[in-house]
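Please prepare a short briefing on the structure shown below.

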Amino acid sequence: MNTNPSFVKTAVIGHPIAHSKSPLIHNEWLREHGLQGSYEAIDIEADALAEGVQALVERGYAGFNVTLPHKVAIMALCDEVDERARLIGAVNTVSVRDGKLYGTNTDAFGFAQNIISADLGDWSFDAGTAVVLGAGGAARAVLYALLEEGAPEVILLNRTREKAEELAQMDARIRVEDWEGRNAAVKGANLIVNTTALGMEGKPPLEIYLSLAPASALVTDIVYAPLMTDLLAQAQKRGLRVVTGIGMLLHQARPGFELWNGIMPEVTPKLEKKVLG
Ligand code: ATR
């Protein structure tokens, strides 16, 4: 049920923002549900965040998504930040109510739902060790999701080991290993996740060999351009199950849409096709 019958203004803020797929996703959902509302991409530079957000509040926005470079800085401007966003250390979704800003993070939801909604037979998060490559901003949300979904153990590997050690403070189930040991670390893995930007168009490839990964392992990548990264292509060639990264982007958008418009939208093959353009 749409709990807000008036025109609902929403947006994504970031810099740069022109490339954002979020307007495409949200406007498709607004159309699909016949809702009166808008979702724009608004460019706000790092040093203009406070004024930019204040302007949105004054203009009556119901909420907005937050992307680079504002995901951490926005936290200080929120009146309330929920527990998951605090633990992930970033806010990507803000609701405005009575002039107050409420921040949450939907990236962990997006990561988990992308896998849950894939047709994976008997595969489950709690069946074994997850191997996570990378310890940047995206890794925090992935770790949160894995722990929430019941992964019994997570092996975390990052080129800069100290960053992995810092993230491992999140939970005793996270164990750090050396980046150089990644080919061996996948032995016995239930899930292998790339959270680095390696493999993305214009970036160096992620160098890893999956020959020791068990046949039951699931491999997923947060990179979605290209959709079939070298990592996923290698996994598929070895007969492993793969989930592409585009679904994380689509699913992370759902809770924000629900908060602002009162309807939980679905991710359909049609939407995915549209966003992949
Ligand atoms: P964000 O915080 O936005 O996710 P980031 O801090 O740039 O992005 O992190 C990207 C991740 O990719 C990091 O784990 C980074 O490793 P470092 O912590 O050692 O920088 C990883 N990464 C980037 N380039 C890499 C490379 N050439 N080899 C290995 N890891 C790399």
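An oxygen atom of the ligand lies 2.5 Å from an N or O atom in the side chain of Asn158, a polar contact (a pair of N or O atoms within 3.5 Å; within protein, one must be able to donate a hydrogen and the other to accept it, and residues adjacent in sequence count only if both atoms are side-chain atoms). The model is predicted: local features need pLDDT of at least 70, side-chain atom pairs count only at pLDDT 80 or more, and totals for chains, interfaces and linings use all residues. Residues are numbered from 1 along each chain as its sequence is written, and side-chain values use heavy atoms, with hydrogens and water left out.

**The ligand and its surroundings**

- Thr160 has a polar side-chain atom 2.5 Å from an oxygen atom of the ligand, and Lys163 has one 2.8 Å from an oxygen atom of the ligand.
- On its own the ligand has 630 Å² of accessible area, and the protein covers 66% of that area (Shrake-Rupley method, 1.4 Å probe).
- The residues surrounding the ligand include Gly134, Ala135, Arg159, Trp179, Thr196 and Leu198, where a residue counts if one of its heavy atoms lies within 4 Å.
- This shell has 4 nonpolar, 6 polar and 2 charged residues; Ala, Val, Leu, Ile, Met, Phe, Trp, Tyr, Cys and Pro count as nonpolar, Asp, Glu, Lys and Arg as charged, and the others, Gly among them, as polar.

**Ser20**

- Ser20 lies in the loop between strand 1 (8-14) and helix 1 (22-32); helices (H or I, at least four residues) and strands (E, at least two) are DSSP runs, numbered from the N terminus.
- Ser20 is buried, with a relative accessible area of 19%, because buried means under 20%, while exposed means over 50% and partly exposed in between (1.4 Å probe, protein chains only).
- The side chain of Ser20 reaches the backbone nitrogen of Ser22 at 3.1 Å.

**Helix 10**

- Helix 10 (residues 254-261) is largely enclosed by the rest of the structure, because 6 of its 8 residues are buried.
- Those buried residues are Arg254, Pro255, Gly256, Phe257, Trp260 and Asn261.

**Val243**

- Val243 lies in strand 12 (residues 241-243) and is buried, with a relative accessible area of 5%.
- Val243 and Glu149 are 94 residues apart along the chain, and their C-alpha atoms are separated by 17 Å.
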